[in-house]
Amino acid sequence: MPDSNPPMYEAHFTRSLFQLLSGAGWKRLVAFRVDGEGVLLGGAPARYEVQTAFVPWEDITSVVLWQQRMAGPSMDYIGIQRRAGAPPLAGANAKLRPDQTAKLAPHVEHELFLASRPINRWRLDPQELQAAIEAFAPGLPVLVNEQQDAQ
């Protein structure tokens, strides 16, 4: 018998004084959610409403975990690989050009970069994420995009 309450996955930003001062208030802001309708990519807390984007299941071809290497520690990201022709998404990177994303993360396709969010000020639970994806989109791949070291 199918589960009548499949395991939705939802992660929230850690509340901060900056969030309160930026006008977002003290409410719990969703950083990332997987549910029966699709995937919600939360915007940065200071610009939450205008940067939050929703991707319906019919537009998703895979979920991708990747890293951006920087001078200090690497930044982990989660992104949505979408079908060709899917509508543009809101987000902090929405206006970046392909040459800009290639400089920031040469191992990540431009469209994936635009449909990604940093895993920053929130925690990703890979097991819960996988369970939710299997419940709502069986067979949808969850990929890890490894950056190869320059030779």
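**Exercise 1. Which side chains meet in a salt bridge at 3.2 Å, N to O, one of them being that of R33?**

Solution. The model is predicted, so local features need pLDDT of at least 70 and side-chain atom pairs count only at pLDDT 80 or more, whereas totals for chains, interfaces and linings use all residues. Residues are numbered from 1 along each chain as its sequence is written, and side-chain values use heavy atoms, with hydrogens and water left out.

Step 1. Apply the criterion: a salt bridge is a side-chain nitrogen of Lys or Arg within 4 Å of a carboxyl oxygen of Asp or Glu. The side chain of E10 meets that of R33 in such a bridge, at 3.2 Å from N to O.

Step 2. E10 is in strand 1 (residues 9-12) and R33 is in strand 2, so the bridge ties together parts 23 residues apart in sequence. Strands (E, at least two residues) and helices (H or I, at least four) are DSSP runs, numbered from the N terminus.

Step 3. Classify E10. Buried means under 20% relative accessible area, exposed over 50%, and partly exposed in between (1.4 Å probe, protein chains only). E10 counts as partly exposed because its relative accessibility is 30%.

**Exercise 2. How many salt bridges does a search of the whole structure find?**

Solution. Step 1. The search finds four. Two further pairs are treated below.

Step 1. R83 and D59 meet through their side chains at 2.6 Å, N to O. R83 lies in the loop between strand 6 (75-82) and helix 3 (98-104), and D59 in the loop between strand 4 (53-56) and strand 5 (60-68), so this pair ties together parts 24 residues apart in sequence. D59 counts as buried at 7% relative accessibility, whereas R83, at 37%, counts as partly exposed.

Step 2. R97 forms a salt bridge with D99, with the closest N and O atoms 3.0 Å apart. R97 counts as partly exposed at 45% relative accessibility, and D99 counts as partly exposed at 38%.
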